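Student: I would like to learn how to read a sheet and its surroundings in a model. Can we take one residue as the starting point?

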Amino acid sequence: MAVTGWFVALVALGAVPIVLLANGWAYLGWVGFCLLLAALDLALAASPRRVALERETAERVRLTDSAPATLLVTNTGRRMLRGVVRDAWEPSAGASPTRQPLRVPPGERRALRMTLTPWRRGERRTALVTIRSIGPLRLAARQASMRAPGVIRVLPEFASRRHLPSRLARLRELDGRTALMVRGQGTEFDSLREYVRGDDVRSIDWRATARRTAGPGSAAALMVRTWRPERDRRVVVIVDSGRTAAARIADETRIDTAFESTLLLAALADRAGDRVDAAVFDRRVRARVQGARGADLLAKLTDAMAPIDPELLETDWSAVPALVRSMSSQRSLVVIATPLESPGATRSLLAMLPQLTRKHLVLIASVTDPALAEAAAERGDRASVYRAASAERALLDAQRVAAAVRRLGGDVVSAPPLELPPAVADRYLAYKAAGRL
């Protein structure tokens, strides 16, 4: 049983004149009368357990987008159900409103609609619905909580998709769909055209030039070969989900930045005709997507990434070469999304790299903290000088690790969270343009 504000107001309203008259027995009688009314009101209130609950909720929603959710309440009792309903979604589900008034006649059903705007990726759940049934006099209420499980999967935001149109335009240039053609080792021959100033002289086709000039009435002109990037190359993305991926930089975890980079790279490489496989790994494979193409690729990637949070343990880098072999047997671009910090923390990563670089083109995608550069520039007082020294040390350690990766045959791209996804995409396009992929 729960009393309402009306009951408190009723007791106070009658108690004021009685207290002024200093009549204690009258005061007790008034309180007893109010309690009797409350008991009668409680007896007339509908049972909050005599209801049937159903849910209609979207299965998936992207982070920061909104999705409708409906709770259907059916009154299976014989009395009018008046009250308030609270649907206990997790706070990170962003449910609004959380409490709604309810009035359901016997045998009828009402739909309570709310909007979910999640601010955290993963599976957001609700387990209980609390119904407070208020009596007709609004003096007392009966309350019960019933199980009505619900879940919605919150997919990665993929905010970096705004960079996709500009990268696709560059890809079309590389692919020969515009007048600009590129040449590079390991690319596919496309066609012949006349030499223009600025062309690489190594692309001149002397046999084609001789055939053109040998014909009657033909003008002397050099012919050059045009090339287009190879298709059906392999791209393997390994996302580190160990403890270092849990750190937040610019209000975003490192693993979320890695997911954004993976999605943009996958969308771009798939449009280029390359095959993209991805895995999320720490000491075990947390998620794996292989063999998907087109729209199915991004759908499977986002669905696989949605429920994954970093594990608070060290990543087993010694198992990564075997994981890559299981995903690709030919030479591939292997992108490893992991932070490059101190040499001690990356020792196992550096020890593993030669096994990959012997066969594959390896790129380390590392997110950097812009706060370090800001702290390194602050020298206003003694405390800021110490912070600047620590920041400089962290930046130098990252540079040392990046230099060690390059010495071992790998490549490194480092950028703040918002800049890392387009930076990885640009490096992929550079590899295509140079014929390295």
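Student: In which loop does Arg233 lie?

Tutor: This is a predicted model. Arg233 sits in the loop that links strand E12 (223-228) to strand E13 (234-240).

Student: What does Arg233 touch, leaving aside residues up to four places away in sequence?

Tutor: Its contacts are Gly273, Asp274, Arg275, Lys432 and Leu437.

Student: How do strands of a sheet pair?

Tutor: They pair through backbone hydrogen bonds, in either a parallel or an antiparallel sense. Here, E13 and strand E18 (residues 333-337) are parallel, over 5 bridges. Val236 has Val334 in E18 as its bridge partner.

Student: What is the strand order of the open sheet of 6 strands?

Tutor: The order is E17-E16-E13-E18-E19-E20, and the pairing is mixed. Strand E17 (285-289) and strand E20 (411-415) are at the edges because each has a single partner strand, which leaves one side of each without a neighbour in the sheet. On average, neighbouring strands are turned by 15° against each other, direction ignored.

Student: Which strands does helix H6 touch as it packs on the sheet?

Tutor: Helix H6 (residues 295-305) touches strand E16 (275-281) and E17, and its direction makes about 170° with that of E17. Helix H10 (residues 382-407) lies across strand E19 (361-367) and E20, at about 150° to E20.

Methods. Residues are numbered from 1 along each chain as its sequence is written. This is a predicted model: local features need pLDDT of at least 70, side-chain atom pairs count only at pLDDT 80 or more; totals for chains, interfaces and linings use all residues. Side-chain values use heavy atoms; hydrogens and water are left out. Helices (H or I, at least four residues) and strands (E, at least two) are DSSP runs, numbered from the N terminus. Contact means heavy atoms within 4.5 Å. Two strands pair if DSSP finds at least two bridges between them. Axes are lines fitted to C-alpha atoms, for helices over the stretch in contact, and angles run from 0 to 180 degrees between N-to-C directions.
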